[in-house]
Every structure is written in C-alpha cells, then in structure tokens.
Amino acid sequence: MHVSSIKVDPYLNVDAGTMNPKEHGECFVLDDGGEVDLDLGNYERYLNITLTKENNITTGKIYQHVIKKERAGDYLGHTVQVVPHITNAIQDWVERVAKIPVDDTGEEPDVCIIELGGTVGDIESMPFVEAMTQLRRRAGKDNFLQIFVSYIPVINGEQKTKPTQQAIKSVRSAGLIPDLIACRCEKPLEPSTVDKVARFCQVEDRQVVAVRDMPSVYQVPILLEEQGLIPILSDILRLDALTTSQSLVKKGRSTWNQWTALTVGLEHTFQPVSIVLVGKYTELHDAYMSITKSLEHAAMRCKKKLKLIWVDSAHLESATSHTQPAKFHKAWHDVCTAAGILVPGGFGTRGTEGMIAAAKWARENKTPYLGICLGMQIAVIEFARNVCGISNATSMEFDAISDDRVVIDMPEHHGGDMGGTMRLGLRPTIFQEGSEWSRLRALYGEKRTIEERHRHRYEVNPAYIEQLESDGFNFIGKDDKGVRMEIIELKDHPWFVGVQFHPEYLSRVLYPSKPYLGFVAAAAGCLDSVTREALAEADQEHLVNGVNGVKFS
C-alpha cells in the first residue's frame with residue numbers, strides 16, 4: 001500500500017533551517033527545498049518515499065498560517081482563538097497533506113503516519129494534542145489509530161511499568177486513547193511485564209508491542225512483524241478492505257525479501273571498515289544523522305561492519321597541540337590510521353584549518369576522501385594552497401576581505417534574512433565531457449545527468465577554475481548552466497571526491513548513495529566489484545526502460 005508520513009514539532013520556529021545542529025540535530029533537506037526535522041529523513045529512508053516541506057508541521061507554521069488568514073479577514077471579525085481556530089488549522093493541514101502522493105505512482109496514500117513530537121503535558125504541545133483528539137472524531141471509525149511510545153526502565157534487574165502507567169493516565173486525561181502501546185526496553189519484555197502494562201492501561205496483551213534493543217536498527221521492522229503488528233493494524237484500520245494492485249503487492253514482497261536478506265545477517269558481519277568523520281559538531285552525533293545512515297547503507301552493501309570514528313576538526317589544528325596535546329595527538333592518530341576520511345558540511349570558521357589538514361593528509365597519502373558541501377570547498381582550498389601555490393587561499397566565509405577567495409558567496413544569496421535563503425532542494429548536475437574515467441560517474445551508471453539535493457551559500461570562485469584544472473584538479477560535474485562547480489575528483493587517487501550537494505539526503509537502505517558507496521567501497525578495498533555491480537544494475541535498468549534511453553510504448 002501507499003504510506004505517507006507527517007512530523008509535528010511544537011517549537012515556534014517556522015522550520016529547522018536556522019536551528020543550531022548542536023542543539024536540535026541535523027537539518028534535513030527535501031526535494032522542494034524544505035528545511036525540516038531530521039525525522040523526515042528517517043521516514044524517507046525507511047519508506048522509500050519523497051516528502052514535501054508541508055509534511056513537517058511546526059507551531060510557527062500553524063500560527064503564521066492562522067495570523068495570515070486573520071489579517072486577510074477570513075474569519076469575518078470573529079475572535080481568533082486556540083480552540084477552534086488553531087486546532088482546526090492543524091486538522092485541515094493534516095487532512096490536506098495526507099492526500100499528497102509521495103511515490104512514483106502518483107497515487108493518493110492509503111495510510112498517513114503522524115508523529116507528534118514533544119511530551120504530553122508540555123504547554124507547547126497542548127494545541128496539537130487537542131487537535132489529534134478532535135481528528136479521531138473527524139476521521140471516523142476504522143480510520144484513526146494511536147500508538148503510544150513509552151520506555152520501560154530496568155532497575156536492579158526488574159522491569160518497571162509504573163512510568164508507563166502514569167504516562168498513559170496523563171495522555172488519556174488529555175483526550176487521547178492509545179490503541180497500541182509500544183514499550184521500548186533494552187531487553188525482551190517479560191510476560192509479567194506485558195500483563196501488568198495491559199492490565200493497568202486497560203488494553204489487551206496483543207496491544208502491548210515490545211520494542212527491545214536490536215543488534216541493528218534495521219532489524220526492528222522484522223521484530224515488529226514477528227510480533228504480529230501487521231494483523232493488529234489491519235484489524236483496527238480495516239486495511240483488508242483496501243483495493244491494492246497486484247503489481248504493488250509484488251513490489252512490496254520483493255522489497256521485504258531484499259530487506260530481510262540484507263539485515264538478518266548483520267550481526268555476523270565482522271570485517272570492519274574504519275571511517276573517520278572530521279566535523280565541527282561531533283559532540284552531538286544527531287547533527288550528522290543522514291551521513292551516518294548513508295555510511296551504514298554503503299557498509300551493508302559492501303558486507304562490512306562500519307567503524308565510525310568521530311574527530312573534532314579543531315583538535316587537528318596546531319593550536320590544540322599546545323593547549324590540549326593529548327587530544328591533538330589522538331585526533332591525528334585516528335585520522336592517520338583510518339581507512340577513509342570524510343569531511344561533512346558545516347558553517348563558520350571554527351575548525352576549518354583542521355579540516356584542511358585532514359584533506360591534505362588524504363590527498364598526499366592516497367587515503368580515500370569524501371568531501372560533502374563544505375568538505376568539497378575544503379578540498380579546493382587545500383589544493384589551491386599546497387599544489388597551485390596560492391598560499392593564502394581561503395573562503396569568503398572565513399575571510400571576507402582576502403585577495404585569494406577561491407570560494408565565494410553566491411550572487412543570489414540574500415544577505416538579510418537567514419531562513420530559507422540558501423541554494424536549496426533537488427537540482428541537476430551534468431557530468432562534463434572527458435570525465436568518462438571518473439569512478440563516481442561509473443557508480444551512477446555512466447549517466448550524463450544526475451539530480452541531488454543541495455543546501456549551501458558558497459561556491460567555488462569561477463576566476464580560479466582554469467588555474468586549478470591546469471594543475472590537475474578535475475571539476476567533473478557542473479550545474480545545468482555550466483558555471484557552478486558541483487563535483488571534483490582526482491584522477492591519480494584511489495578515491496578523492498568532493499560534491500557540492502548532499503547525497504546523504506537521497507540515500508536509502510536498499511539503494512545506497514553513490515558517493516558514499518564508492519567512498520566506503522574504496523576504503524574497504526572492494527570498489528572494483530561494487531562498480532561492476534552498479535554498471536550491471538544500470539544495464540538492467542536500460543533493458544527494462546528501453547534501448548539507449550528510448551522507452552518502449
């Protein structure tokens with residue numbers, strides 16, 4: 001069936017675009033340029049769907065919408081209140097967005113999953129809780145199901161259910177009635193625990209779903225399927241009454257078989273591949289959620305166990321050797337011994353010299369390197385300094401008055417407002433003539449044009465392109481106008497790639513992002529075999545769709 005998803009965030013921000021990644025985690029970017037909560041990335045990865053900015057509801061968006069209507073006189077002089085105007089606006093938004101197609105069939109979704117963030121009892125969540133209570137009545141019988149997620153702590157070896165009992169009491173007093181209770185726990189729930197939760201929360205035992213820790217998060221769907229979750233959902237929502245095409249059923253079975261084949265044996269994969277992530281926000285791993293997931297997808301495809309090492313880029317800088325020598329030497333040990341070096345995106349000057357040093361090490365020592373957004377710009381600066389002899393090469397973001405800004409502000413960047421003013425969303429990249437040797441292009445199936453999601457304010461300075469290319473720095477991918485540099489790759493290196501876009505936003509469990517797949521494969525020593533598989537898949541796609549790009553009618 002077709003499944004969509006909506007995330008509700010009770011904060012006042014209109015979107016996640018201006019939020020500090022150290023505080024809120026990663027800002028995820030959608031095809032339409034929406035800057036949204038990282039959970040929408042999880043939805044897209046697990047469900048293999050394409051969402052819009054409308055699928056992320058915030059208090060800021062709702063109040064902005066209602067106030068705009070009030071200013072336009074749409075309420076005809078009525079006193080505008082939280083109930084009913086805000087709650088109705090939330091319900092209307094959910095009903096409208098739930099019908100937007102999210103896959104390549106263009107068909108309306110059969111089911112929409114709504115995640116209400118925050119905690120029951122929070123003041124900021126109350127309008128949304130009330131709206132969901134009213135939505136149950138508006139949706140009608142057999143069309144609404146609530147799953148309450150709770151944590152079962154283990155204290156001195158005993159599983160405690162009292163927190164869950166109190167939470168259910170609170171949510172019921174707010175008007176929501178859970179149909180299922182998903183209990184998170186480190187260990188499998190004991191029968192007595194299930195019985196106690198069911199008895200005191202007034203549900204049947206089968207309505208208590210145990211979600212224990214698994215060796216891999218990708219095995220959780222299998223755990224839920226084994227507990228009979230699908231029949232329960234089908235009974236409550238009458239899913240059997242839906243008309244589903246045989247082609248969709250066949251596709252679903254194929255996807256499930258691929259998923260189980262890929263994930264069931266993960267705990268038996270012992271050969272590691274060590275990747276060091278040299279970043280600015282490494283103290284909060286959620287700031288790089290999509291990157292870590294993309295690395296996991298690639299490692300699974302390569303049948304390797306990902307060993308991800310986190311290095312604060314500031315610890316690689318010479319100043320740290322004097323102030324914190326132990327951290328300096330540990331950071332460099334991690335970089336020098338890793339099988340691959342990844343420099344992700346980020347903003348601001350802090351730690352960028354450490355990133356440049358890591359890129360230099362990767363280039364000179366033939367260590368696989370992947371630069372994402374800022375990471376590509378870092379590779380440009382490093383090459384300009386140490387190969388082209390432009391010793392003061394820098395970025396306008398780091399030094400706005402330097403004479404050698406090899407990375408500059410984009411002309412269309414708005415210098416006033418910060419929110420929603422970057423180059424955002426899905427955009428095409430054209431592989432250039434003469435780039436047929438490219439390892440990355442081969443992984444894309446030798447396609448001439450690819451589409452990836454972007455989020456950046458700065459670009460490579462066109463004035464330095466000729467000098468950089470004359471010294472062996474290859475810009476193999478450009479935008480559709482041929483003026484903006486999108487991909488760099490060194491020809492005489494096992495894998496030295498930088499991309500201006502964020503390929504992690506389109507990585508899927510069964511379809512890993514190509515730049516990440518090539519990077520991990522190079523680090524694991526299996527790039528040749530992975531490339532052959534990618535080319536074979538591309539040939540198969542041509543056979544399905546037609547010959548030489550011409551589809552059969």
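Start by selecting Arg138, which is partly exposed at 34% relative accessibility (buried means under 20% relative accessible area, exposed over 50%, partly exposed in between, with a 1.4 Å probe and protein chains only). Helices (H or I, at least four residues) and strands (E, at least two) are DSSP runs, numbered from the N terminus.

Before moving on: this is a predicted model, where local features need pLDDT of at least 70 and side-chain atom pairs count only at pLDDT 80 or more, while totals for chains, interfaces and linings use all residues. Residues are numbered from 1 along each chain as its sequence is written, and side-chain values use heavy atoms, with hydrogens and water left out.

Next, pick Glu35 and Arg455, another salt bridge at 2.8 Å, N to O. Glu35 sits in strand β3 (35-37) and Arg455 in strand β18 (449-456), so this pair ties together parts 420 residues apart in sequence. Glu35 is buried at 3% relative accessible area, and Arg455 also counts as buried, at 10%. The structure holds 31 salt bridges.

Now jump to α2 (39-47), which is mostly covered, with 7 of its 9 residues buried. Among the buried ones are Asp39, Tyr43 and Arg45. Step just past the helix to Asn48, and you'll find a positive phi of about 55°.

Switch to a surface view and select Tyr46, Leu47, Ile113 and Val217: together they make a nonpolar patch of about 310 Å². For patches, residues need over 30% relative accessible area and no salt bridge; like charges are joined within 9 Å, nonpolar side chains (Val, Leu, Ile, Met, Phe, Trp, Tyr) within 5 Å. Areas come from the Shrake-Rupley method with a 1.4 Å probe; for residues, only the protein chains shown count as cover. Ile113 belongs to strand β5 (111-116).

Last stop: α13 (325-337). Which of its residues are buried? Phe328, Ala331, Trp332, Asp334 and Val335. The face turned away carries exposed Ala326, His329, Lys330 and His333.

Definitions and conventions
A salt bridge is a side-chain nitrogen of Lys or Arg within 4 Å of a carboxyl oxygen of Asp or Glu.
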